[in-house]
Amino acid sequence: MKNRTLKTLTLLTAMVLPVSAMAKADLVIATDAPPKAMNPHAYSSDANLSYMSNFFDGLLQRKAPEGKLGPALAEKWQRVDALTWKFELRKGVKYHNGNDFNAADVKFTFERMKDPKYSKLLNIANSIASIETPDDYTVIFKTKKPVPWFAETMHQNFIVDKESTEKIDDGEYNTRAMGTGAYKFVEWIKGSYIRMTANEDYWEGAPKYKNVDILPITEESTRFAALAGKQVDIVNGVPVTLFDRVKAMPHVEIISQAARRAIYMGIGNTVGTPFEDIRVRQAIAHAINEKEIIEKIMRGQATMANQIPDVPTVGYDASIKRLDYDPVKSKQLLADAGYPDGFEITIAGPNDRYVNDEKICEAVAKYLAKVGLKVKLDVKPKSIFFDELTSNKYHFYLIGWFDGSFDFGRSAEKLLHTPDKDKGMGTYNGAAYSNSEIDSLLIASSSIIDRAEREKALQEINKKSVADVAWIPLHYQQDIFAVVKGKGIKYQPRSDRWIVAKEIK
Amino acid sequence: MTTYLAKRLLQGVIVLILVSMVCFAMFRFTGDPVVMLAGKDATYEEREQIRVAYGLDRPVYAQYFSFLKGAMQGDFGRSYVSQIDALDTILERFPATFELAVTAMCISFVLGVGLGVIVSISPNGVISRMIMAGSLVGISIPTFLIGILLVMFFSVYLDILPSFGRGDTVQIGFWRTGLLTLSGWQHILLPALTLSGYQLAVLIRLTRAGMRETLSEEYIKTAWAKGLSPAKVILKHALRNVMIPVVTIAGLSFGELIAFSIVTETIFQWPGMGNLLLTSIFETDQPIIVTYIMLAAFIILSINILVDLLYALLNPRIRYE
C-alpha cells in the first residue's frame, strides 16, 4: 500500500517536474533589497540600479572594487568646455532583441529620462539643454549650467533601445528589461527571484556564469539561514549583528570592506538658536565618543570618519582631523558660550535606514546628556524622517550619505549649501546650515574644468565645512559579503554594493 | 434567506467604503511618498514635478474620490513604486498566500480535531497532558519565534528543509502553484507549520472542551448502552455535534490566515501578499496598501458570510429569516 502511494507520488512529480525543472542556476546570489521595477530609469536607488546594471549598459561603467570610471557604450569622452560634453560611441553593439545600438538611442534615453512618468533620474536629465548627434556614433550634450560631474553619473544612466521602448512605454515597460547588458532578462517572479541568462554576444565577451538567479531576501535572519543551509552562493549584505556567527561557518568566506557611505550628525547654525555659536557646535562634537560607538554598537564593523567624502571621492582631503572626544573641553565650551546648565536639544534620525541608526542616535543622546544637555530623542521611520528633513524641521539629526558620482561638489550642493528651492540647492540640508562663503566657493567650483584645480577647490570647501562644524562626521559603514567556499567563485565586491554578475569569475 | 443575504452584502459594501476612508485618513501620517520616490538626487523642483505626475498635488478628498471612482470600476490605480497595476500586483501574489493558508488550515484542522479527540477520550493520560501543555505553548509563543525556531532546527541544524522561498513553481493559467513539485512541498512545510501554530492550539482546546461536554450527554450514554462501537459513538454521535463551533472558528480564522500571514511570510521570504504589504508600507506605496487592506476586508467579509451559510447547513435548527 505504502509502496503504491510512493509510486503514484513519484509518477506525479515526474509528470510535473519537466515543466518546472528548467535550467538550474549556476550562481545564486542573495541580496537585501528587492527590485522595484524593471524600468532602468524608474528609481535612483543603488538597490534598483544594481539589478539594472546586468541588463543594461551605461555610456560609461565603473569597475570593482574602487569604482574607477571606464568606457562602456562610449569608448571616449571629453569635457569640451564648461557646458559641453562629447561622447564617442562603441560600434557594433547589439541589443538583446537584435537591434543595433547608436546615437539615436542615447538621445531618446536622455529625453525619456526627463519625463517623471517614466523616470526618477530627473536630476541629470533636466540639467541637459540640448543633445546633438552629428553622426550615428557621436553624441554631444550641452548642459544648462556647468555640471562638472556629468560624466561621473554616466555609469548609472542606462541606455534603452529607442524602437522597442517606444512601443512598450505605456504597457509593460516596468515588468521586462531589455538592453545591451551582459545578461538577458528571463523572468521576474516578484518576491521570489530575478532570473537571467548570459548574453553570449556581449561586447566585452560572454560572462562566466550562464544562468544566474538573484534572490531578494529582506529579513536578516532569513538571509543568515539561507547561507547556513547553503541555499545561496553569495550573500550581499550580511547583517552586522550576525557577523561573528557567519564568520564561524566553516563553508563561508566573509569579505568585509569599507562602504562609501558616511554616517554623520547634521547640525544647523540658525540665528537665534544655541547652534548659532560655533563653540556650541564644537562642544557637541567633542562630547561624542565615536570610538565607543564603533566598538560597542557597530561591533568593529565601521571606520572612523573625519569628513563626509570617502577616499576615492574628488574633494577628499587626508589632512582633515576630527574633533576628539573630550567631555571636559565640551563642558568648558558650553560654559563659555553661555550655557553652563545646557539647553534642550532634540536628536532626530531614521530607525530603518542605516546600520544601527536608532542605536547610534541613542548613544549620541547619552553622550550629550553627560555634558549637561537636556536631550530629547525623535527617531522615526525613514518615510517620515526624510519628509521632515527636506522641510528643514530639524536642528540636529543623524543621516548617512554617499554620492554615486564620486564628486563632493554634488553632495555639498545638496547637503551643505543654504537651502534654496529655486536654485535646487540644499535639499537635504535638514537643519538649514548656512555659510555664504562656502556657498559662493561651491558655485564657483562647478565652472572649473581642470580636474586637479577643481579637486583643490572642493578640498577647500570640505576643510571649511569641518572647521566650521557644519556637520559632525561619525563613521563610514562597513559592507559585509559572504561567499560559499569550494565552488571556485571569485567575487570582488563593489564599493557601491551593485551586483554586477559579469564581474564574478 | 435572500433578504438576509442582501442585507449582509449591503453591510459589506458599507464596511469596505469605511475601510478605504480610514486608509486615506491614515496616509496623512505615513510620510510623503514623493520624497521616497524621487530619491536622494532630486531637487525641490523635481519633487514637485513628480508630485504632479502622480496626482499627489491635489487635496486629499480629491485623491480619495478619484480612487473611489476607479475602484468602482475595478481600477485601483498603479503602484507608485513599480508603476504596475495595484490589484494585479497583489493578485499575482495571491496564489502563494492562498496555498500557504490552505496548507496551514489543513494542518491545524486535521491535527487540531484529531488531537482534541484523543485528549478528550483520556483526559488524564500522560499523552493528553503533554498535548495540552503543547497547545498552551502554541498559544503563548509569538509566530515569529516559532518560525525562527523551526528554521534553526530543520534548516540550519538538521539541514533537511529549505529555510525560505517557495521552491519550484508551475504556472497554470494565471495561477502559479508550488503544490505540484517536490521542492514546492518541501518549501511550504515550515511556513505552513508556523502559520498553523496558533490555530492548531485553539482548535485542540475547542474540540476537547466540546467533546468533554458532549460525551457526558444523555444521548451518548444511550449510544454506549446500545452497544455501538467506540468509533461510531465518538466520531459519528459526539464529534458531529462538536464540529459546529469548530468549523465556525476555523472558517473565521481562515480569513485571518490569508490576510495576516505577514509575519510568517516575512520570516520565510514567502512571495505572498503579506510580504508585499510590508515592503509597500516601508516604501509608502499607498495604492498597494489601500488595495491590500480593502482586499483583506473583502476576503474576511465574504468568509464570514460563507461561514454563516455553512452554519445553517451543519445545524438545521438555524434559519436566517
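In chain A of this predicted model, strand β4 (74-81) and strand β5 (residues 84-89) pair in the antiparallel sense over six bridges, where two strands count as paired if DSSP finds at least two bridges between them, and where helices (H or I, at least four residues) and strands (E, at least two) are DSSP runs numbered from the N terminus. Within this pair, Ala74(A) stands opposite Leu89(A) of β5(A). Both strands belong to an open sheet of four strands in chain A, with the order β4-β5-β7-β6 and antiparallel pairing. Because β4 and β6 (128-135) of chain A stand at the edges, each with a single partner strand, one side of each is left without a neighbour in the sheet. The twist from one strand to the next averages 20 degrees, with axes taken as lines fitted to C-alpha atoms, for helices over the stretch in contact, and angles running from 0 to 180 degrees between N-to-C directions. Helix α3 (residues 103-112) of chain A packs on the sheet and touches β5, β6 and β7 (138-143) of chain A, its direction making about 170 degrees with that of β6(A); two residues are in contact if their C-beta atoms, placed from the backbone, lie within 7 Å.

The loop between β16 (396-401) and α13 (408-415) of chain A holds Phe402(A). Phe402(A) is buried because 21 other C-beta atoms lie within 10 Å; a residue is called buried if 20 or more other C-beta atoms lie within 10 Å of its own, exposed if 12 or fewer, and partly exposed in between. Leaving aside residues up to four places away in sequence, Phe402(A) touches Arg260(A), Arg261(A), Ala262(A) and Asp310(A). The C-alpha atoms of Phe402(A) and Pro309(A), which are 93 residues apart along the chain, are separated by 7.2 Å.

In helix α10 (residues 327-336) of chain A, the residues Ser330(A), Leu333(A) and Leu334(A) are buried. Seen down the axis of α10(A), the buried residues fall within an arc of 100 degrees, so they line one face of the helix, the arc being that of the directions from the helix axis to the C-beta atoms. These buried residues pack against α8 (278-287) of chain A, and α10(A) is followed by Gly338(A), whose phi is positive, near 95 degrees.

Turning to the two chains together, their contact takes 47 residues from chain A and 50 residues from chain B. On the side of chain A that touches chain B, α1 (2-20), α4 (122-126), α6 (220-228) and α12 (382-390) of chain A each supply at least two residues.

As for confidence, the model scores ipTM 0.82 and pTM 0.85. Chain A averages a pLDDT (the predictor's confidence in each residue, from 0 to 100) of 90, and 95% of the residues score at least 70. Over residues 13-22 of chain A, however, the pLDDT is below 50, and this stretch has 12 contacts in the model beyond near neighbours in sequence.

Residues are numbered from 1 along each chain as its sequence is written, while chains are lettered from A and ligands numbered from 1 in the order in which they are written. Local features need a pLDDT of at least 70 and side-chain atom pairs count only at pLDDT 80 or more, whereas totals for chains, interfaces and linings use all residues.
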